[in-house]
Amino acid sequence: MLLVIGSGPRPMRGYLLEQTAAHYPLLLINDAPLTWQKPYVVDHEVADLSDPIAVNTAAASLAVRWPIAGVLTWDEYHLTAAARLAYSLGGRPGNALAAVAAARDKATSRQRFAAAGVPSAASTWVHSLDAAASAAERVGYPIVLKPAAHAGSIGVVRVDTITDLPAAWIIASAGAAHQGPDGQGVLVEEYLDGPEVSVETVTHRGVTSAVAVTRKSVGFAPYFLETAHSVSAVDPLLLKVAPVAAAALEALGITHGVSHTELRLTQDGPKVIEVNARHGGDLIGELVRLATGISLPLAAAALSCGEIPKLRPTRQRSAAIGMIYPPAEGIITRLDLRPGSDRHLEHLQWLCDVGDSATLTPSITTPNNIRAGFAVVSGDSAHEAQQHLADVLVRADVQVTPAVPRAA
């Protein structure tokens, strides 16, 4: 029996539960009663996942009813809880709590990278606008403001001049206010110029295997909102970035599990942005499976149960995901895919409904902009997958009516 903490939302995390349940009987601690998760779960408990005592109580209840072989989570915000539970259930396989905490807190991560000689951005931990201004002068503009322990690019913003700093600080500090107990404050960081990638790895007893490299597209400057990802089974870049990702994991003390390490390819070589000691978001694990045949969810499950993961590729293809964004802010009035060839379309998912409000710029109340949906495609080569993705995205028909301001 494998205990999972938090299923996550079905559109982006459903494949993880589905693939894992096909090979392992699952127990689930979730923050709401089960709906779509029911076919994949043997037993469950509902608990406030932000409350360690509630999670421990739920796990204890399940442990009375079932023998638990391992503990697993796919969610950035539940990594600490999973590490604690794995240890408390008799030392089930997992990372040391200190390693998970170092990965969650980006300020600690930077310190460990520097000590180990892992190339990453210069960084200063601050708690006020004045301190941010002083740190920015030392680092040199452009800089990046980033909450110390958030995810999903929430509160991350590039600042080009001191004039732009106050407005950017409002966004970053608003994100930092809701980042949870694993980190506090905001980081002022050196801006790393160059293409962004991530390395998807599997670490077994301290030995890291790089499975794939994901090439990324980022938009909505000065924010860093990811707009597309692509994976190719034969990407030569993997050999260049894999050693840097492995060194970053070792510096943090990560010895177990699937990880997602983000880097920028600068003129001075690959530099680490951050390490996530869990699966990458935006269906990156599904792209890896479509391109290579390797199931990262099954690898994570095997590791959590003390088994050796299967990492031999069975395919040599490419896959890509593209986010579908509204053309403007306002009220969504239409969501449709115009006719065309869908032979290479693996999945199309709308993430909002007609009548929803669309926002394109992060704010204090809306930390991330709205995605109308996404499309996943595959192809025999990276170029072919990109062509198929471009065709689908141009056929996505999202219409918006400007919202009428309320009278004062």
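**Entry 1: lining of the largest cavity.** I looked up which elements supply at least two residues each to the lining of the largest cavity, and I recorded β4 (70–72), α3 (79–88), β12 (257–266) and α10 (296–304). Helices (H or I, at least four residues) and strands (E, at least two) are DSSP runs, numbered from the N terminus. The largest share, four residues, comes from α3. I note that this is a predicted model, in which local features need pLDDT of at least 70 and side-chain atom pairs count only at pLDDT 80 or more, while totals for chains, interfaces and linings use all residues. Residues are numbered from 1 along each chain as its sequence is written, and side-chain values use heavy atoms, without hydrogens and water.

**Entry 2: search and volume.** I found two cavities of 30 Å³ or more in the whole structure. A cavity is a set of points, on a 1 Å grid over the protein atoms alone, where a 1.4 Å probe fits but cannot get out; lining residues have an atom within 4 Å of a point. Grid points are joined across faces, edges and corners, and a volume is the space filled by probe spheres set on the points. The largest cavity holds about 250 Å³. Its lining has 20 residues, of which Leu-72, Leu-79, Asn-95, His-256 and Ala-277 are the closest to its centre.

**Entry 3: second largest cavity.** I recorded a volume of about 40 Å³. The lining includes Lys-106, Arg-110, Lys-146, Glu-189 and Glu-274. Both α5 (106–116) and β13 (269–276) supply at least two residues of this lining.

Definitions and conventions: On a 1 Å grid over the protein atoms alone, a cavity is a set of points where a 1.4 Å probe fits but cannot get out, and a pocket is an open set with protein on both sides within 12 Å along at least five of seven lines; lining residues have an atom within 4 Å of a point.
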